[in-house]
Amino acid sequence: MPAAHAGPSACLEYKMEQPALEAAFPYGKGAHEVQLGGGYFGSLTPGTTLRPNLDFGIFSLRHGWMLTSAQPGRLSGNLEFLLDLYAGGVTYGPHGMLAGGTLLLRYNVVPPGRKFVPYAQIGAGGLFNDIYENRAQHVIGSGFEFNLETSLGLRYMFSDRCALFAEAGVRHISNANTASRNFGLNSAGGVMGVSLFY
């Protein structure tokens, strides 16, 4: 009799554990995400001689680590840490290139069914550029600048391992008054691309 009872009990426990196991990936602690995307950002301030409009496009490669696991619930989510490496060039305004890296902290909202997964993130980092060589403008004043950003995004999950993402946000680029020119660049735009989880 104990053996007969153990069979159904083990089966019941297995069925109870399966939803939790399925819900853990890819938004479980220790999972990884790679994002590849492209974006465009435009100046938020009116253009002047010293502070011209400066719009730029970028290509972005990110690697993310899930710090916590999402729990069941409509608005529940998890924390994710990402390293964002990007490079691009000016499309409107003083010509130049830029490349840098940003550390991002993201909160993923993982609803039941998780077909659409919204997120919010903030980040800080730095970038190198040659835009500063144009002395006529006072927006970018040094070869190294700091970068602060925040954005809202949304993933569309094709499967547990593949998704499309799109996000919109704002960026602030400046050298924190370490150079004589430092009006700074405030811009808004977005990034979109693909996500792979493992």
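## Asparagine 177

Asparagine 177 is exposed, with a relative accessible area of 62%; it counts as such because the cut-off for an exposed residue is over 50%. This residue belongs to a predicted model. Asparagine 177 sits in the loop that links β7 (162–174) to β8 (185–197). Its phi is positive, at about 60 degrees, although asparagine 177 is not a glycine. Most residues other than glycine have a negative phi.

## Arginine 114

A positive phi is also found at arginine 114, where the value is near 35 degrees. Arginine 114 lies in the loop between β4 (97–109) and β5 (116–129).

Is arginine 114 buried or exposed? Its relative accessibility is 14%. Arginine 114 therefore counts as buried, since the term applies under 20% relative accessible area.

## A cis peptide bond

Most peptide bonds are trans. The bond between phenylalanine 25 and proline 26, however, is cis, with an omega of about 5 degrees. Proline 26 is located in the loop between α1 (2–24) and β1 (32–43).

## The chain as a whole

The protein chain contains 1 helix and 8 strands. Read from the N terminus, the order of these elements is α-β-β-β-β-β-β-β-β.

Of the 198 residues in the protein chain, 40% are buried. The chain exposes about 10400 Å², and carbon and sulfur atoms supply 70% of this area. Among contacts with a separation of 6 or more, 65% join residues 24 or more positions apart.

Note on methods:
Residues are numbered from 1 along each chain as its sequence is written. This is a predicted model: local features need pLDDT of at least 70, side-chain atom pairs count only at pLDDT 80 or more; totals for chains, interfaces and linings use all residues. Side-chain values use heavy atoms; hydrogens and water are left out. Helices (H or I, at least four residues) and strands (E, at least two) are DSSP runs, numbered from the N terminus. Buried means under 20% relative accessible area, exposed over 50%, partly exposed in between (1.4 Å probe, protein chains only). Contact means heavy atoms within 4.5 Å. Accessible areas come from the Shrake-Rupley method with a 1.4 Å probe; for residues, only the protein chains shown count as cover.
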